[in-house]
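Me: Here's a model I'd like to go through with you. Can we take it question by question?

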Amino acid sequence: MEIGLAETIRALRGELAQAMADGEGQPVRLRVESVKLDVQVAVTASAEAQGGVKFWVLTAGGKATEGTTATHTVSLELTAETAEGGTVLTHSGRATPVED
């Protein structure tokens with residue numbers, strides 16, 4: 001199963017959006033300032049009509065088998081922000097202190 005790097009980032013974006021929605025009404029507010037993503041990717045060269053280079057995220061236990069494939073670790077440092085450029089919060093209200 002081949003999972004593209006863009007698809008992986010798209011899924012991460014969806015997970016962060018879901019975390020924001022799930023945090024509504026919760027007593028603790030969390031701010032996402034940055035996200036570090038380390039992935040193992042297979043880089044393949046294609047001789048097809050459209051050709052080019054593709055980055056495929058390797059799944060657990062996955063390994064590349066083609067002769068034109070190289071594997072690399074890619075580290076991405078992403079800054080999370082809203083569509084308007086604001087801070088990503090997983091809650092929109094006030095934090096409530098927890099008492100012992």
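Me: How many helices and strands does the protein chain have, and what pattern do they follow along the sequence?
Reply: Helices (H or I, at least four residues) and strands (E, at least two) are DSSP runs, numbered from the N terminus. The protein chain has one helix and six strands. Read in sequence order, the pattern is β-α-β-β-β-β-β.

Me: Where is confidence highest among these elements?
Reply: This is a predicted model, where local features need pLDDT of at least 70, side-chain atom pairs count only at pLDDT 80 or more, and totals for chains, interfaces and linings use all residues. Residues are numbered from 1 along each chain as its sequence is written, and side-chain values use heavy atoms, with hydrogens and water left out. pLDDT is the predictor's confidence in each residue, from 0 to 100; strand 4 (residues 52-57) is lowest at a mean of 76. The highest value, 88, belongs to helix 1 (residues 5-22).

Me: Is Ser34 buried, exposed or partly exposed?
Reply: Ser34 lies in the loop between strand 2 (31-32) and strand 3. Its relative accessible area is 41%, so Ser34 counts as partly exposed.

Me: Which residue has a side chain joined to that of Ser34 by a polar contact?
Reply: Leaving out residues up to four places away in sequence, Ser34 touches (heavy atoms within 4.5 Å) Glu77, Leu78 and Thr79. A polar contact is a pair of N or O atoms within 3.5 Å; within protein, one must be able to donate a hydrogen and the other to accept it, and residues adjacent in sequence count only if both atoms are side-chain atoms. At 3.2 Å, the partner is Glu77.

Me: Which side chain meets Glu33 in a salt bridge?
Reply: A salt bridge puts a side-chain nitrogen of Lys or Arg within 4 Å of a carboxyl oxygen of Asp or Glu. The whole structure has one. With an N to O distance of 3.7 Å, the partner of Glu33 is Arg31.

Terms used:
Buried < 20%, exposed > 50% of the residue type's maximum accessible area, 1.4 Å probe, protein only.
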